[in-house]
Amino acid sequence: MPARTPLSMLRVVRRHRLSVVAAAVLLVVGVAALVLGLSRQQPAPPEVRSAQRTADAAPAPPAPTGSATGQPPAEAEVMEASDPTRLSIPAIGVDTSLERLGLDGERAMQTPRDPARAGWFTPGPDPGAQGPAVLAGHVTWNGSKAVFFDLARLGRGDHVYVDRKDGSTARFTITRVEQYAKDRFPSLEVYRNIDHAGLRLITCSGTYSGHRYSDNTVVYARLDNPAS
């Protein structure tokens, strides 16, 4: 006849089993809370409207005539080089000073240190000078909206203003807004040489997972008023 297990030992075994079950439940709850917390860590940025993605394929609106002869005004001339100091985008309420951005250790563009400020990519052209000037900003930061959160809400015809160190302001008109998967980012299209003064505004977009966004939003604009 097997020896009886003392009552005190049964109580210990039961307490041990309950502790294991409780720990397992807490672990499941903890993992679920962590996953839920990560999924809610960042507010979802706006998506680029499909109409803006295909805007380049649509014919441009006719240019207003600037004289009695009915001839359209001349193409905006490029401006002399001058460092940008401030960015204003009235359509989405952006008004920010600018950081200077270079290349990081992996030869990629740095990101601004301050989520409330945009940055100018200094190896590229000055805004207003010939070429594709690049300004970048965060879309979210630590669970809150950052300076370029509403960038995807911009549309063709909206204006962007860049104050410059020489006291002038370069006004750009947006020509299109695109959203690209990060693993298919068209670097050549964004950074290649162009025959006019252009501007690129860049931020993250898409799905947030693993502490990163899946896509980038790029706003393309063209200088239309080189004087102020």
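This is a predicted model: local features need pLDDT of at least 70, side-chain atom pairs count only at pLDDT 80 or more; totals for chains, interfaces and linings use all residues.
The lining of the largest cavity is formed by Pro45, Pro46, Val139, Phe148, Phe149, Leu151, Ala152, Thr203, Cys204, Ser205 and Thr217. Of the secondary-structure elements, strand β9, which spans residues 197-209, makes the greatest contribution to this lining, supplying three residues. By residue class, the lining comprises eight nonpolar and three polar residues, with no charged residue.

Lysine 145 belongs to strand β6, made up of residues 144-145, and is classed as exposed because its relative accessibility of 59% lies over the 50% cut-off. Although lysine 145 and proline 43 are 102 residues apart along the chain, their C-alpha atoms are separated by 7.0 Å.

Isoleucine 194 lies in the loop that connects α3 (187-191) with β9. With a relative accessible area of 11%, which is under the 20% cut-off, isoleucine 194 is therefore counted as buried. When residues up to four places away in sequence are left out, isoleucine 194 touches Gln130, Gly131, Pro132 and Arg200. For the pair formed by isoleucine 194 and glutamine 130, 64 residues apart along the chain, the C-alpha separation is 7.3 Å.

Technical notes: Residues are numbered from 1 along each chain as its sequence is written. Side-chain values use heavy atoms; hydrogens and water are left out. Helices (H or I, at least four residues) and strands (E, at least two) are DSSP runs, numbered from the N terminus. Buried means under 20% relative accessible area, exposed over 50%, partly exposed in between (1.4 Å probe, protein chains only). On a 1 Å grid over the protein atoms alone, a cavity is a set of points where a 1.4 Å probe fits but cannot get out, and a pocket is an open set with protein on both sides within 12 Å along at least five of seven lines; lining residues have an atom within 4 Å of a point. Ala, Val, Leu, Ile, Met, Phe, Trp, Tyr, Cys and Pro count as nonpolar, Asp, Glu, Lys and Arg as charged, and the others, Gly among them, as polar. Contact means heavy atoms within 4.5 Å.
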